[in-house]
Amino acid sequence: MSARETPAGGFPPERGPGHVVVVGAGIAGLAAAHRLLEGGARVTVLEASDRVGGKLLPGEIAGVRVDLGAESMLARRPEAVGLARAAGLADRLQPPSTATASLWTRGALRPMPKGHVMGVPGTAAALSGVLSEEGLARIERDAELPRTEVGDDVAVGEYVAARLGREVVDRLVEPLLGGVYAGDAYRISLRSAVPQLFEAARTHTSLTEAVRALQGRTATSPASGPVFMGIAGGIGTLPPAVAESVRARGGEILTHAPVTELRRTASHGWRIVAADRELHADAVVVAVPARPAAELLRAEAPAAAAELSAVEYASMALITLAYRRSEAAALPEGSGFLVPPVDGHTIKASTFASRKWGWIADDDPDLVVLRASVGRYGDTEILGRDDEGLVAVSRHDLAEATGLTAAPVATRVTRWQDGLPQYPVGHHARVARVREHVAKLPGLAVCGAAYDGVGIPASIASAYAAADQIRGDLGGVEQLTAHPVQSLHGGAGE
């Protein structure tokens with residue numbers, strides 16, 4: 001190692017933070033820029049599209065402000081709420097007006113069970129009313145089974161089905177995980193998706209015992225405040241606010257600036273080609289999804305690029321519908337519902353947005369806004385339908401679930417192609433390998449939803465770790481490697 005280089009992507013100590021280019025202006029890239037500016041760096045953010053924010057997208061329907069992407073953020077971790085406050089949005093933070101959700105299963109809307117960890121119960125009684133008598137009896141057998149070794153990782157569905165039966169997975173775990181990842185519970189990594197349960201499973205003989213142990217720890221030190229938080233005007237207003245804060249601190253954000261080349265220079269810096277300009281930087285944070293990140297890293301970090309190229313994504317669509325309140329009287333109470341795929345319906349979740357968020361109801365008290373989501377990993381047929389087809393199938397399922405048959409006064413379809421990275425078994429090991437390869441190149445770090453969690457706080461935590469790594473502090477990366485951020489929100493909410 002030369003005297004000018006530091007390990008793991010940090011700046012040479014004698015040079016200080018210098019100029020950092022952040023590739024990507026989604027919430028991860030903006031958060032990384034914000035953190036780097038706090039540390040004294042000069043920052044340029046390059047974004048290929050015409051706007052900042054990535055999958056956080058504000059919009060409107062029938063004159064009412066809505067989110068056309070993620071609509072809430074986990075508040076039990078500090079990163080997202082803290083960034084919102086730092087961006088001047090403290091007075092607009094709002095918890096949901098109601099958090100009473102349902103499960104549309106076995107022909108009826110049933111109250112969402114309590115006493116479970118991502119659908120995994122501590123007792124059979126916790127799922128009474130959702131599972132059949134046979135399914136409940138199968139849960140009781142967990143205490144009699146020999147211990148199941150989870151090893152270095154295991155699929156959530158595979159492990160839970162072996163301990164408690166497939167009905168638990170198909171009726172509850174699958175819709176909850178599907179709402180977060182648009183994935184398949186029988187492929188999703190327990191270690192990456194439900195890390196607390198993975199650790200508990202390694203030290204307990206039975207799965208229900210492990211869940212009860214987690215619940216016991218929570219009971220002795222209960223978290224205060226709401227689990228989730230929104231922002232008046234929509235979560236989609238967070239990225240523009242952070243971007244404004246970045247600019248106010250001296251950062252530069254360029255849109256319509258797709259990065260096509262990323263190369264090391266003889267002076268231990270980086271050359272970045274974006275659109276019609278060439279930039280030189282002391283360090284680079286790559287904050288784009290796995291596949292474009294792989295393309296950028298292919299020349300200088302081919303091993304990392306190969307790992308990132310293997311990351312798969314699921315596509316989905318959100319269908320937003322506005323109804324006259326007088327014609328939506330049939331809508332049941334609560335914030336919405338999740339849908340198990342095993343029941344054969346098309347939509348996977350619906351959010352009663354006007355019920356869930358007071359600011360939407362206040363925008364127009366005479367309207368009721370709903371969201372439905374469709375699309376899961378490997379399901380390309382439904383997303384091949386045109387917008388009218390997606391609206392029609394959403395209305396059909398909503399009518400069957402809730403009795404709402406009125407025609408909406410307005411509809412919007414928002415498609416998220418390759419919107420959600422998949423976390424299969426071994427994902428944590430792949431992320432560790434990516435970071436190991438990237439760390440061999442001083443002044444380079446990666447962050448975003450493809451690494452440590454798909455939710456907003458997880459993406460921000462990943463961004464902060466990358467910014468700190470650039471400054472030579474590996475504490476954040478090590479913490480995330482040891483403890484990924486669980487994403488809890490079903491229904492494509494977070």
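This is a predicted model: local features need pLDDT of at least 70, side-chain atom pairs count only at pLDDT 80 or more; totals for chains, interfaces and linings use all residues.
Reader: Is glycine 18 buried, exposed or partly exposed?

Author: Buried means under 20% relative accessible area, and exposed means over 50%. Glycine 18 has 28% relative accessibility, so it counts as partly exposed. Also look at arginine 42: it's 24 residues from glycine 18 along the chain, yet their C-alpha atoms are separated by 6.0 Å.

Reader: Okay, now leucine 254. Where is its place, and is leucine 254 buried or exposed?

Author: Leucine 254 belongs to strand S12, residues 252-254. Its relative accessible area is 15%, so leucine 254 is buried.

Reader: Which residues does leucine 254 touch, not counting residues up to four places away in sequence?

Author: The list is Thr44, Val45, Leu46, Glu47 and Arg277. Take threonine 44: it is 210 residues from leucine 254 along the chain, but 7.6 Å separates the two C-alpha atoms.

Reader: Let's move on to cores. How many residues does the largest nonpolar core have?

Author: A nonpolar core is a set of buried residues, such as Val or Leu, joined through side-chain atoms within 4.5 Å. Here the largest one has 46 residues, and Leu36, Met73 and Val285 have the most contacts inside it.

Reader: Which elements give two or more residues to this core?

Author: They are S1, helix H1 (27-38), strand S2 (42-46), H2, strand S11 (228-231), helix H9 (238-248), strand S16 (283-286) and H16. H1 supplies the largest share, eight residues.

Reader: And what is leucine 36 in contact with, leaving aside neighbours within four places in sequence?

Author: Leucine 36 contacts Val20, Val22, Ala41, Val43, Val285, Ala467 and Ile470. Apart from this core lies another one of 43 residues, including Met112, Val156, Leu190 and Val211.

Reader: Last one: how do I read a helix pair? At roughly what angle do the axes of H2 and H16 cross?

Author: Compare the directions of the two axes: angles from 65 to 115 degrees count as roughly perpendicular. The axes of H2 (residues 79-86) and H16 (residues 456-470) cross at roughly 75° and come within 7 Å. That makes H2 roughly perpendicular to H16.

Reader: Which residues meet there?

Author: From H2, Glu79, Ala80 and Leu83 meet Ile456, Pro457, Ile460, Ala461 and Tyr464 of H16. By type, the residues of this contact are seven nonpolar, one charged and no polar.

Technical notes: Residues are numbered from 1 along each chain as its sequence is written. Side-chain values use heavy atoms; hydrogens and water are left out. Axes are lines fitted to C-alpha atoms, for helices over the stretch in contact, and angles run from 0 to 180 degrees between N-to-C directions. Helices (H or I, at least four residues) and strands (E, at least two) are DSSP runs, numbered from the N terminus. Angles under 35 degrees count as roughly parallel, over 145 as roughly antiparallel, 65 to 115 as roughly perpendicular and the rest as oblique. Contact means heavy atoms within 4.5 Å. Ala, Val, Leu, Ile, Met, Phe, Trp, Tyr, Cys and Pro count as nonpolar, Asp, Glu, Lys and Arg as charged, and the others, Gly among them, as polar. Buried means under 20% relative accessible area, exposed over 50%, partly exposed in between (1.4 Å probe, protein chains only).
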